[in-house]
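Please look over the sequence and the structure below before reading on. The briefing that follows is grouped by topic.

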Amino acid sequence: MDFPNGTSDQELLSSSPGPGRPGCLPVRPFFSEDGGYPFSWLVKLESLSPLSGRDRRGKRRAGRAWYQRRRVKAVVAVIGMLACFFIVDWLMLLRLQDHNIEIEDFEVIGNSSSSSSNSSKVPPPIKGERRKLGKKIKPQKGVYGRMLALAAHALAEGHNKPEPKDLWQEPYDLASAWRPCSDHRDWRPSGGNNGYILVTANGGMNQQRVAVCNAVAVARLLNATLVIPRFLYSTVWRDSSQFSDIYQEDYFINYLTPDIRIVKELPEELQSLDLEAIGSVVTDADIPKESKPSFYLKHILPILIPNRVVHFLGFGNRLAFDPIPFQLQRLRCRCNFHALHFIPKIQETAALLLQRMRRHVHPGPLDRHLVGPYAETILKDKGSRPMKNSRYLSLHLRFEIDMVAHSLCDFGGGEEERRELEAYREIHFPALVQLKETTRLPSPAALRAEGLCPLTPEEAVLMLAALGFRRKTHIFVAGANIYGGSSRLSALNSLYPNLVTKESLLSATELEPFRNFSSQLAALDFIVCAASDAFAMTDSGSQLSSLVSGYRIYFGGGKMPTIRPNKRRLAAIFVKNSTIEWRIFEQRVRKAARQTKHVQTRPVARSVYRYPRCRQCMCNADPFANFKH
């Protein structure tokens with residue numbers, strides 16, 4: 001390029017500012033708006049121009065003023081962009097706090113009586129009429145208000161981000177090496193000649209299931225005939241359901257016939273006996289917890305043979321898991337995983353729940369074990385529009401008042417909560433109240449630090465968000481009568497709007513046969529949790545969580561992941577909720593979850609119902625592999 005005075009751009013370059021080059025001012029080389037030469041070239045041009053010194057000074061002042069104006073405009077533009085970003089972010093957070101966001105993926109079904117034509121429709125996530133959009137809830141207060149806001153922000157930002165790869169997976173190569181084999185028998189049938197065993201099991205559906213399988217093992221051990229177990233009415237569960245109201249009685253008898261003799265009732269000549277008077281009633285107070293087989297041979301068999309009948313009353317966890325003969329342990333597994341099939345009424349309704357959760361008719365890997373023939377026969381209405389296949393997470397939120405009261409923990413409800421829980425303990429747990437009066441027990445803070453408190457709904461939703469479950473995840477919440485009611489679930493509902501329960505998925509007509517039968521409702525929860533693509537528990541000591549996780553291990557083929565939070569580790573993380581950054585919180589929660597996904601064989605003396613990876617229950621394709629990683 002040549003300038004008007006005949007000087008070329010190369011000559012200008014050679015005469016640019018530097019030591020020993022007079023006539024050039026040391027001006028900073030900022031470029032003009034149109035991408036032209038820097039202002040230093042303008043100064044050089046001025047030195048070559050025939051203009052007067054006054055004119056040159058005026059041009060320099062004008063150039064500086066122009067540059068300052070451009071810099072101010074740029075700063076204002078940057079500030080404006082930042083302001084717009086924060087306004088949009090604030091609006092997104094406000095939307096996330098809307099508790100009544102409509103769940104678009106589910107169709108509405110009324111609570112009135114429904115006919116077969118609407119049986120495949122999906123109701124709203126909360127019972128009753130469709131909630132109005134725009135209705136706000138009060139933001140969650142208490143100790144986790146800050147963390148819930150951070151979780152809402154993280155879910156909004158992560159809307160289009162991929163979920164962690166291991167979120168819906170187990171360590172497949174290790175887990176898939178184990179296959180079910182407790183249905184293999186290697187003994188002759190028992191004649192049951194030494195007498196009859198009656199069992200009246202206490203607790204809820206899951207505790208009763210464990211008692212039934214333990215009773216089967218004891219009957220075989222004592223060469224006794226088992227009478228179909230009965231279930232004790234509980235003031236906590238308030239359910240009069242018996243064995244045949246939950247399980248298929250004839251299937252149970254026939255399947256276990258090669259193992260033990262089972263009858264539906266005592267012979268007539270024994271029905272008139274006063275069992276208590278002859279010393280044949282054995283309560284939990286008479287049997288140490290987790291007693292060895294030798295105890296039954298030494299103390300129970302001498303009662304059974306002369307009296308011809310023994311009645312176990314309660315029978316909660318009264319048979320040890322180790323040491324026990326190999327085939328007897330296998331019988332317990334066979335009973336739990338193969339002999340106990342739910343009745344058709346439960347299977348049919350559970351299949352309906354599975355269809356509505358998945359939004360398709362293709363059965364999952366566990367469906368045929370859980371709902372039998374209904375895995376294939378529940379079909380959509382012909383006129384319903386096709387929907388994309390959907391996987392779902394099930395969450396067992398063990399936060400009923402009995403669990404909360406028995407834990408002796410503090411859940412942020414203040415003096416009102418303490419009075420309410422203490423009154424409940426006086427009615428339902430008088431022994432615990434007496435223990436509190438006579439013994440110095442750990443403080444609620446100490447119990448929480450040791451991981452002995454159930455996770456609250458707020459802690460559960462923070463865990464799910466930190467693990468990486470996206471906002472649109474479909475979540476089935478198992479559990480009845482959450483302590484604190486719907487207000488306690490506000491955190492879950494606001495962060496995860498696609499959250500449902502069996503009560504919200506079923507119409508009033510469909511739910512009516514199960515009302516006032518908590519054990520049958522628990523069976524529905526059991527099936528939907530066991531069949532889910534991923535299962536998360538909030539209390540690893542819960543019987544439902546234990547049985548569901550064991551069922552998924554046994555039949556899952558290494559494809560059914562379970563999230564088992566280490567509550568002690570989580571307590572150490574949650575205690576820093578007022579200061580911890582979300583990124584650090586997320587990393588620590590994920591690390592704690594990964595540590596519980598290890599594939600390991602059953603620890604000594606632990607439940608085969610929860611840890612079926614052992615030679616008695618499952619067969620290992622690679623017996624020399626080390627599965628304790």
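What is the handedness of the disulfide of Cys 181 and Cys 619? The torsion about its S-S bond is about 100°, so this disulfide is right-handed. The model is a predicted one, in which local features need pLDDT of at least 70 and side-chain atom pairs count only at pLDDT 80 or more, while totals for chains, interfaces and linings use all residues. Residues are numbered from 1 along each chain as its sequence is written, and side-chain values use heavy atoms, with hydrogens and water left out.

**The chain as a whole**

- The chain holds 27 helices and 13 strands; these are DSSP runs numbered from the N terminus, with helices being H or I of at least four residues and strands being E of at least two.
- Of the 629 residues in the chain, 49% are buried. Buried means under 20% relative accessible area, exposed means over 50%, and partly exposed lies in between (1.4 Å probe, protein chains only).
- Among contacts with a separation of 6 or more, 79% are between residues 24 or more positions apart. A contact means heavy atoms within 4.5 Å.

**Disulfides**

- A disulfide is a covalent bond between the sulfur atoms of two cysteines.
- Three disulfides are found in a search of the whole structure, each counted as a pair of cysteine sulfur atoms within 2.5 Å.
- In the disulfide of Cys 181 and Cys 619, the sulfur atoms are 2.2 Å apart. Cys 181 lies in the loop between β1 (178-180) and β2 (196-201), and Cys 619 lies in strand β13 (residues 618-620), so the pair ties together parts that are 438 residues apart in sequence.
- Cys 181 is buried, at 1% relative accessibility, whereas Cys 619 is partly exposed, at 33%.
- Cys 333 and Cys 617 form a disulfide with their sulfur atoms 1.6 Å apart. Because Cys 333 lies in helix α11 and Cys 617 in the loop between α27 (582-594) and β13, this pair ties together parts that are 284 residues apart in sequence. Both Cys 333 and Cys 617 are buried.
- Cys 409 is joined to Cys 453 by a disulfide, S to S 2.0 Å. Cys 409 lies in the loop between α15 (401-407) and α16 (414-428), and Cys 453 in the loop between α18 (444-449) and α19 (457-467), so the pair ties together parts that are 44 residues apart in sequence.
- The torsion about the S-S bond of Cys 409 and Cys 453 is about -90°, so this disulfide is left-handed. Cys 409 is buried, with a relative accessible area of 5%, and Cys 453 is buried at 4%.
- With the bonded cysteines numbered in sequence order, the pairing is 1-6, 2-5, 3-4.

**Nonpolar cores**

- In soluble globular proteins, nonpolar side chains tend to be buried together.
- The largest nonpolar core has 94 residues, of which Phe 252, Tyr 296 and Phe 312 touch the most other members. Such a core is a set of buried Ala, Val, Leu, Ile, Met, Phe, Trp, Tyr and Cys residues joined through side-chain atoms within 4.5 Å.
- Helix α6 (residues 205-221) gives the most to this core, with 10 residues.
- This core draws at least three residues from each of domain 1 (144-169 + 343-399 + 454-597) and domain 2 (196-339); the domain bounds come from an automatic or database domain assignment.
- Apart from this core lies another, of 54 residues, including Ala 151 and Tyr 483.

**A buried asparagine**

- Asn 336 is in helix α11 (residues 326-339) and is buried, with a relative accessible area of 2%.
- Not counting residues up to four places away in sequence, Asn 336 touches Arg 209, Cys 213, Leu 547, Tyr 551 and Tyr 609.

**A parallel sheet**

- Five strands form an open sheet in the order β10-β9-β8-β11-β12, with parallel pairing. Two strands pair if DSSP finds at least two bridges between them.
- β10 (499-500) and β12 (562-563) stand at the edges with a single partner strand each, so one side of each is left without a neighbour in the sheet.
- Strand β8 (residues 392-396) pairs with strand β11 (residues 534-537) in the parallel sense over four bridges.
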